[in-house]
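Dear colleague,

Please find the structure below, handed over for your use. My notes on what was found in it follow directly after.

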Amino acid sequence: MVTILFHSTVFGPIHSRRLGTSLGVNLMPNDGKICTFDCVYCEAGYNSQGKGTTGISNREEVKAELEAKLKSMIENGENLDVITFSGNGEPTIHPDFSGVVDDVIALRDKYFPKVKISVLSNSTMIFKQEVFDALLKVDNNILKLDSAIDSTMRKMNSPVSKNFNGKDLVECLSKFGKDCIVQTMMLRGTHNGQEIDNTTDEEVEALCEAYVKIQPQEVMLYSIDRETPEQNLTKIQHDELDAIADRFRAKGIKVQVN
């Protein structure tokens, strides 16, 4: 079974296929997972593995660990492209997410002023004004939209909130517009005896309509690259991803295929 990936608050740097050399910031526990989604493809595993015992690092701890790591990288002459909020769950549920973002920006400006700051978010908390405002401050505000059809979204992402729905999400994403990057995982398979496929004509058309409404800076289109908690999933090959991307591009949407 896939389990949590990151056992520290600051990890890496690692190579990201989408972002380059990335230093990770994990705001969730170091020995458990807390997330508002429970995606069938999550490389950190299902939420059922539990929250662990270490708890969520507070703002001061995150700042201290990140500063120590950035100092060390400078002393060792290491390169860095991006500082990325990711890890064992959804970073924006941290109770002081906005303050942590401010600290990371200040440390970036002090040690690696040319480095970008990215947040990988599942979009569930963007309805909170303080989260929305904090995301506007980062360079790469990367927000998830795997399906614009609620039944498929629920199969793929299993949102904890029963009120979470695609219509409200797309409306809120459209308020970011060019200040967001939309990330979409494409896959086929089964989970709990139910078929999952967001590559059908109906799904692609619904996503296309959503992207046109949102008008993001770009769409990151990708498929499975690592082990997943659900075993019955199929990776979409690059040529098929390209064909889907071309349908979006025909509507004026910039698409990056990974």
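A crossover is called right-handed if, with the strands pointing away from the viewer, the path from the first strand over the helix to the second runs clockwise. Helices (H or I, at least four residues) and strands (E, at least two) are DSSP runs, numbered from the N terminus. In these terms, β2, α1 and β3 form a right-handed β-α-β unit.

The model is a predicted one, in which local features need pLDDT of at least 70 and side-chain atom pairs count only at pLDDT 80 or more, while totals for chains, interfaces and linings use all residues. Residues are numbered from 1 along each chain as its sequence is written, and side-chain values use heavy atoms, with hydrogens and water left out.

**Strands.** Two strands are taken to pair if DSSP finds at least two bridges between them. β2 pairs with β1 (residues 10–16) in the antiparallel sense over five bridges, and with β3 (residues 82–86) in the parallel sense, also over five bridges. Val-25 of β2 is the bridge partner of Val-10, and Phe-85 in β3 is a bridge partner of Val-25. Six of the seven residues of β2 are buried (under 20% relative accessible area; exposed is over 50%, partly exposed in between; 1.4 Å probe, protein chains only).

**Nonpolar core.** A nonpolar core is a set of buried Ala, Val, Leu, Ile, Met, Phe, Trp, Tyr and Cys residues joined through side-chain atoms within 4.5 Å. The largest has 74 residues, and those touching the most other members include Tyr-41, Leu-70 and Phe-85. Helix α2 (residues 97–111) supplies the largest share of this core, seven residues. A second, separate core of five residues includes Leu-19 and Ile-142.

**Charged side chains.** The whole structure holds 13 salt bridges (a side-chain nitrogen of Lys or Arg within 4 Å of a carboxyl oxygen of Asp or Glu). One of them joins Lys-110 and Glu-67 at 3.2 Å, N to O. Lys-110 lies in helix α2 and Glu-67 in helix α1, so this pair ties together parts 43 residues apart in sequence. Lys-110 is exposed, at 56% relative accessible area, whereas Glu-67 is buried, at 19%. Arg-188 and Glu-240 also meet in a salt bridge, at 2.9 Å, N to O; Arg-188 is in strand β7 (residues 187–191) and Glu-240 in helix α7 (residues 238–249).

Asp-38, in the loop between β2 (20–26) and α1 (59–75), is buried yet has no salt bridge, and Lys-33, the nearest side chain of opposite charge, is 4.1 Å away.

Yours sincerely

Definitions and conventions
Lys, Arg positive; Asp, Glu negative; His and termini not counted.
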